[in-house]
Structure formats: C-alpha cells, structure tokens
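Here is a short briefing on one protein chain. Look over the sequence and the model first, then read the points below.

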Amino acid sequence: MTKKTKPSRSPGRPKAGTDQTSVQSKILMTASQLFMEYGYEPVSLQQIASLCHVTKASIYYHFSSKPELFTVAITRMMDMGRQQTALRLEEPGSLQQRLESVAAAKMQQSHVDTETMMREAESYLSADQLAQIREAETQIFDVLATHFKREMDSGYFRSANPMLLAQAFTSLLMLANREDVRSMHGSIEDLAHELVSLFLDGAVQRK
C-alpha cells in the first residue's frame, strides 16, 4: 500500500490553523514600533520576524516586501493616531487640557522625526506608497487644524494658517525626544503642560 503524504505548503505559507489575522496584526504593530523608533534602514524583516516569533517567510506571506510592510504599518499607526487625537480633542475640559492630553499621548515613547524617517525611506518606496503615507500624515494635521480654526473663529486664537499651526504644534512635541529636555521635567505630563503653554502663548489672541 502506498503511504499517503501530506500536501506540502507553498513557500512562505503559514501552518494550517494559524490565526493569520492575529499574526498580521502582531507583525504590523511590531514593525510600526521599530520603524518609528529606529527609522527605515536599520530595521530588518528578520528582526521583525524574530520579535513576532514567526519566520521571515511568514512576513512575506502577508506583505510582498519591506517597503509594502513599512507603508501599511506606518499608515495604520498614523490612522490610529488620528483617531486618538480626534477623541482627545473632543473630551471635556479646556483647550489646554485637551492639547496636553494629545501631547502626553504622543510623547510617551520617543521616536524618530517623521521627516527624517521619510527622507531615509523615500528611495525605497514607490510614488503611490509615498502618497499613501503623506495622506495619512495630512489627515492628522487636518484634525488639529480643524480645532485650531474653530478657536480662531471664536476669537480665542489670533488669525493664522490653521494647518501651519497644526504642523508647528506637532513639531514642538518632538522636543520630547531629547533626553536633556525630558530630564528637566518630573513627568511626561509636566513636559506636556509646559510645551502646550508655550504653544498657546504664541497662538492665543492678545487683547
């Protein structure tokens, strides 16, 4: 009698029964954290695979290349950031309190500057991939700009370009990446309070 053999899996295909949705989410979460902390070039697919306890072939099962994984991971992370920013800006409390909540959440973990990361990754990404990431980034600025425009219309903020204010606010928070800046404050919340106060000192309409 001929012994039956199991059909072989195609290269890179995960074992049957594996929860692929969970695996994909873990890969994306791990990849986005590494890319944001170290940038594009220093992070390898093998490093991501090892931290996720999967093979590199498993990553290729879900993503065709490192540029595709980078694009999906970063846009997904930015979309989550946009949603969280929108929720915090709609919370009860003063504008300063809401902006401090946004700032503290963003500064909890140090990360590379987005522009630095994008310059590093640009030569590896297609025009469409670059456009996807830029659009996701713009949507975060749009959320902030919408609220800043509301403050201008109410007379609380001086007249200015709300998108420029959104970008200025986001750039100000990058100071939290500096160890010497962090060491000046007892907590991230204290740093968030000071940076938001500095921002509002320039944005609020003076009577």
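A cavity here is a set of grid points where a 1.4 Å probe fits but cannot get out. The model is predicted, and it holds one cavity of 30 Å³ or more. The chain has 10 helices and zero strands.

**Overall fold**

- From the N terminus on, the elements run α-α-α-α-α-α-α-α-α-α.
- The protein chain has 207 residues, and 40% of them are buried.
- Take the contacts with a separation of 6 or more: residues 24 or more positions apart account for 67% of them.

**The cavity**

- Rolling a probe the size of a water molecule over the atoms shows where empty space is left.
- The largest cavity has a volume of about 30 Å³.
- Its lining is made by Lys-106, Met-107, Gln-109, His-111, Leu-173, Met-174, Ala-176, Asn-177 and Arg-182.
- By class, this lining has four nonpolar, three polar and two charged residues.
- Met-174, one of the lining residues, sits in the loop between H8 and helix H9 (179-182).
- Met-174 counts as buried because its relative accessibility is 16%, and the cut-off for buried is under 20%.
- Beyond residues up to four places away in sequence, Met-174 touches His-111, Val-112 and Asp-113.
- Met-174 and Lys-106 are 68 residues apart in sequence, yet their C-alpha atoms are 9.0 Å apart in space.

**The largest pocket**

- The largest pocket holds about 1100 Å³ of space.
- It is lined by 33 residues, and those closest to its centre are Met-36, Met-77, Gly-81, Lys-106 and His-111.
- Six helices are listed as giving two or more residues to the lining: H1 (20-38), H4 (66-89), H5 (95-107), H6 (114-121), H7 (127-153) and H8 (162-173).
- H4 supplies the largest share, eight residues.
- The lining divides by class into 13 nonpolar, 13 polar and seven charged residues.
- Lys-106 and His-111 are among the residues closest to the pocket centre, and both also line the largest cavity.

**H7 against H8**

- H7 and H8 pack at an angle of about 115 degrees, and their axes are 8 Å apart.
- The crossing of H7 past H8 is right-handed.
- H7 brings Thr-138, Phe-141, Asp-142, Leu-144, Ala-145, Phe-148, Lys-149 and Met-152 to the contact.
- H8 brings Pro-162, Met-163, Leu-165, Ala-166, Gln-167, Phe-169 and Thr-170.
- The residues of this contact divide into 10 nonpolar, three polar and two charged.

**Thr-170 in H8**

- Thr-170 is found in helix H8 and takes part in the contact with H7.
- Its relative accessible area is 17%, so Thr-170 is buried.
- Thr-170 touches Lys-106, Phe-141 and Leu-144, not counting residues up to four places away in sequence.
- Thr-170 and Leu-144 are 26 residues apart along the chain, with their C-alpha atoms separated by 9.2 Å.

- Is Glu-137 buried or exposed? Glu-137 lies in helix H7 and counts as buried because its relative accessibility is 11%.
- Leaving aside neighbours within four places in sequence, Glu-137 is in contact with Met-78, Thr-114 and Glu-115.
- Arg-82 has its place in helix H4.
- Arg-82 touches Gln-139, Ile-140 and Val-143, with residues up to four places away in sequence not counted.
- Arg-82 and Ala-136 are 54 residues apart in sequence and 8.4 Å apart in space, C-alpha to C-alpha.

**A positive phi**

- Most residues other than glycine have a negative phi.
- Phi of His-53 is near 60 degrees, a positive value in a residue other than glycine.
- His-53 is in the loop between helix H2 (45-52) and helix H3 (56-62).
- His-53 counts as exposed because its relative accessibility is 69%.

Note on methods:
Residues numbered from 1 in each chain as written. Predicted model: local features only at pLDDT ≥ 70, side-chain atom pairs only at ≥ 80, totals over all residues. Heavy atoms only, no water. 1 Å grid on protein atoms, 1.4 Å probe; cavity = no way out; pocket = protein on both sides within 12 Å on 5 of 7 lines; lining within 4 Å. Points joined across faces, edges and corners; volume = space filled by probe spheres on them. Helix = DSSP H or I, 4+ residues; strand = E, 2+ residues; numbered from the N terminus. Nonpolar A, V, L, I, M, F, W, Y, C, P; charged D, E, K, R; others polar. Buried < 20%, exposed > 50% of the residue type's maximum accessible area, 1.4 Å probe, protein only. Contact = heavy atoms within 4.5 Å. Axes fitted to C-alpha atoms, helices over the stretch in contact; angles between N-to-C directions. Left-handed = near helix turned anticlockwise from the far one by under 90°.
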